[in-house]
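I opened this model to look up its charged side chains and a few strands. My notes follow in the order I took them.

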Amino acid sequence: MAVPTLRCGFSGSRWTFALVDRGCRHRTVATFNWIRGQSSVAQQPLHTAQKPRKGAQEWAAVVGLEIHAQISSNSKLFSGAEVRFAAPPNSLVSFFDASLPGTLPVLNRRCVEAAVMTGLALNCHINQKSLFDRKHYFYADLPAGYQITQQRLPIAVNGNLAYSICVGKQQREITKTVRVKQIQLEQDSGKSLHDDLRSQTLVDLNRAGVGLLEVVLEPDLSCGEEAATVVRELQLILQALGTSQANMAEGQLRVDANVSVHHPGEPLGVRTEVKNLNSIRFLAKAIDYEIQRQISELENGGEILNETRSFDYKLGCTVPMRDKEGKQDYRFMPEPNLPPLLLYDSTSLPAGADPQQVIDIDRIRETLPELPSETRARLVQQYGMLPEHSFTLLNEVGLLEFFQNVIKETRAEPKKVVSWVLNTFLGYLKQQNLAVSESPVPPSALAELLDLLHTRAISSAAAKQVFEELWKSPGKPPAQIVSEKQLGLLQDREALEELCRATLDGHPQVVGAGRRGPRCCGHRRPVPSAVPSLPLPALYYRTQGSYNYFSCRRDSTPSEP
């Protein structure tokens, strides 16, 4: 079995340890800073091409994804039953969903438009004629014994999806592209609930018949990080289009990953499929684990089985579900109850056609909203922020809207707003494990606080205190907090002079010591009157036109820095 290698290096007062896994395109670097007897650990991914150890062959991983996104619609794909999350079991089931005899499918127009919009956003070719097929398999939560999908001629093909990752020590951003093989419409199955205590399985058909977009990507990826970045980018696109809420926690976005390894220049290896990954973090972990598992298995003389596996997030590993050696015969056949799906563009649209009865591809193209890549480019150009800041604003749900609302209501510079939103505001959210929508500080309150800072009514340190009070006491205006805590800066010169005189009058001993000059272990060093006298051990002395300090020790002469 392949064993990770621990490498270390020393530079000055810093030790660096790198845990390197063979065959993986990234490593984790842990840096230990030994300062004044303390150590701190910082971890960051470092993406570098790993060299194989001497005498060993290099491995290359190949990853392909199949992504199922639940379409945002009021009703199901082929029935009028409502679509709603967490409804009581079997409360949203039509006769067609239950597969009662004599029921027929009726195609949902909204689902077709969502498929076309997604295909256009992913630079796909939209087929003006697509077909529906029956895919036969038998599960308890599939009453009809088949699924209506698009096997022969899907609605969209041959697209691409661009994504950006950071590589190297300097975290340099590069853009890559993954090919989109096809996008197809299909219906979801129900949900099986396994009751181990009573040794029975219960079936909930609320999800049966819900419209799905299956996005099939070509095997152009090579590690878990790339796969996670691609899925996150697709999630942002779906949410921007409104075609899917893509909430993985609610099962609205599920991913199947096909993984194989091989030596460069040789044929591709046997692939395994990791099913139903419903978390981006688990997706990356599952793929990276599966890559290392296959490499270890082959290096130890084993073989990879063509099987379906699942990811156990508690153990952090993939486990077998079922083998795929004998290819399952789904007995695909044309769906007899649905005619071919016909779409039109501006050149093929029939004269006098009813807009409610046809779907115009060009009209949908004109209504496409701003996509995430375009939004990031606009933020960088408009506000002068760094590209990585634009990624953070989009990746956190609701953070971009919060930022834009603050910008609208404050006179502070955009860079200052970016700093406060990404560092202070987002830091508090992470500490409390809260979503942006759950923040006790609204955009208007942060905007008012930044206005006080912009007009120099308060200092930066005072602004931090005001924000902390805003977080603890929602609803209080920042100006009121500044007044109650007396955090405002003095703008009146006479009042400031009176405060200084009162301070000097209240500390006559310190003032006298400052006039006499400090003593330190018998050493007298005159201090100019312009330099304030400070209590030991921090004393100022003049060196080459600048003021420094030394610390006084009881058992030695002064220690100068």
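Entry 1: I started with Arg198, which counts as exposed at 62% relative accessibility. The model is predicted, so I note that side-chain atom pairs count only at pLDDT 80 or more. Arg198 forms a salt bridge with Asp195, at 3.9 Å from N to O. That falls inside the rule because the cut-off is 4 Å. Asp195 is partly exposed, with a relative accessible area of 22%.

Entry 2: Next I looked up Glu233. Its side chain meets Arg376 in a salt bridge, and the closest N and O atoms are 2.8 Å apart. I checked burial for both. Glu233 has a relative accessible area of 7% and is buried. Arg376 is buried too, at 8%.

Entry 3: I then went to helix α3 (residues 280-299), which holds both Glu290 and Arg293. They sit 3 residues apart, about one turn of the helix. Their side chains meet in a salt bridge of 2.6 Å, N to O. Both Arg293 and Glu290 are buried. For the record, I noted the total count of salt bridges as 22.

**Entry 4: a buried glutamate without a salt bridge.** Glu214 was next on my list. I found Glu214 in strand β14 (residues 211-217). Glu214 is buried, yet has no salt bridge. How far away is the nearest side chain of opposite charge? That side chain is Lys135, 6.3 Å away. The 4 Å cut-off explains why such a distance does not count as a salt bridge. What does the side chain of Glu214 make a polar contact with? I found the side chain of Gln184, at 2.9 Å. I also listed contacts of Glu214, leaving aside neighbours within four places in sequence. They are Glu66, Ile67, His68, Gln182, Ile183, Gln184 and Glu186.

**Entry 5: from Lys135 into a sheet.** I followed Lys135 next. Its bridge partner in β9 is Gln147. Strands β8 (residues 133-136) and β9 run antiparallel, joined by 4 bridges. They belong to an open sheet of 3 strands, in the order β9-β8-β19, with antiparallel pairing. The edge strands are β9 and β19 (333-334), each pairing on one side only. I then checked side-chain directions in β9 (residues 146-149). Tyr146 and Ile148 point one way, Gln147 and Thr149 the other. All four are buried. In general, side chains in a regular strand alternate between the two faces of the sheet.

**Entry 6: an alanine at 0%.** Last, I looked up Ala156, in strand β10 (residues 156-167). Is Ala156 buried or exposed? Ala156 counts as buried, because its relative accessibility is 0%. I took one distance here: Ala156 and Gly119 are 5.8 Å apart, C-alpha to C-alpha. In sequence they are 37 residues apart. Beyond four places in sequence, Ala156 is in contact with Gly119, Cys124, His125, Ile126, Asn127, Gln182 and Ile183. Gln182 and Ile183 are also among the contacts I listed for Glu214.

Notes
Residues numbered from 1 in each chain as written. Predicted model: local features only at pLDDT ≥ 70, side-chain atom pairs only at ≥ 80, totals over all residues. Heavy atoms only, no water. Helix = DSSP H or I, 4+ residues; strand = E, 2+ residues; numbered from the N terminus. Buried < 20%, exposed > 50% of the residue type's maximum accessible area, 1.4 Å probe, protein only. Lys, Arg positive; Asp, Glu negative; His and termini not counted. Polar contact = N/O pair within 3.5 Å; in protein donor to acceptor, adjacent residues only side chain to side chain. Contact = heavy atoms within 4.5 Å. Pairing = 2+ DSSP bridges.
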